[in-house]
Amino acid sequence: DGRDGERSAARQEIIAGSVLVLITALGGIYFFFRPEPAAFDHWVRVSSTSGSWFTTVTTLRYPLVVILGSVFFAAVMVARNRVRALACLIAPPLALIASELVIKPLVGRTIGGVLSYPSGSTVGAAALATAAVLVSPRRWRPITAVVATLFALWMALAVVALRWHLPSDALAGLAFGVGVVLLVDGFVWEVHRNLINTWLRHRRPRAVR
């Protein structure tokens, strides 16, 4: 039924999110020991530029934008699904905080003396893009997915073209941003389902009496 489908979707999100976060963590371990550009960074060639096409999107990289975007998506979703609204409210800021305050200091990879792995700008863009897809009505979701993906890729390309990050930093940012939002959305739904089931189990004996 519908609840079985929701349970399956939540578990798939948890699995996919966990894999993406794990990939980011494994990359972090690698760059902790070898912070220099990897082979992937040499394969991906993006010309250096400071053009407006790239600087425009990076104005959306600030934490305040991520917070406001999360609040907006939660407000859009709260009437339809409070559980998902909660996930969209907390997941993008959580992804950004984790990348900036936990992963970057632990990995220690730098560009120009600034911590770079993963790209926080790309983490925020990918997290907001994922939240946008989750709150979109099903019939509009394919269009939202295309637009959201282009936005996240635009941010990733911009930070590489501006020489703020290496391609591997940007790729890790995409993986981590998407992964955290999927993981949180699936986890919040599972917690909600377990709480409801626990409440029903405690209520049934009283109804029998």
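Author: Leu22 is placed in helix H1 (residues 2–33), a helix being a DSSP run of H or I with at least four residues, numbered from the N terminus. The model is predicted, so local features need pLDDT of at least 70 and side-chain atom pairs pLDDT 80 or more, while totals for chains, interfaces and linings use all residues. Residues are numbered from 1 along each chain as its sequence is written, and side-chain values use heavy atoms, without hydrogens and water.

Reader: Why is Leu22 called partly exposed?

Author: Its relative accessible area is 49%. Buried means under 20%, exposed over 50%, and partly exposed in between, with a 1.4 Å probe and protein chains only. Leu22 is therefore partly exposed.

Reader: What makes Asp41 count as buried?

Author: Asp41, in helix H2 (residues 39–43), has 7% relative accessibility and therefore counts as buried.

Reader: Which residues does Asp41 touch, not counting those up to four places away in sequence?

Author: Asp41 touches Arg109, Leu166, Pro167 and Ser168, where contact means heavy atoms within 4.5 Å. A polar atom of the Asp41 side chain lies 2.7 Å from the backbone nitrogen of Ser168.

Reader: Why does Ala148 count as buried?

Author: Ala148 lies in helix H7 (residues 141–161). Its relative accessibility is 9%, so Ala148 counts as buried.

Reader: With which residues is Ala148 in contact, leaving aside neighbours within four places in sequence?

Author: Ala148 is in contact with Ala129 and Val133. From Ala148 to Ala131 the C-alpha distance is 9.2 Å, at 17 residues apart in sequence.

Methods:
Helices (H or I, at least four residues) and strands (E, at least two) are DSSP runs, numbered from the N terminus. A polar contact is a pair of N or O atoms within 3.5 Å; within protein, one must be able to donate a hydrogen and the other to accept it, and residues adjacent in sequence count only if both atoms are side-chain atoms.
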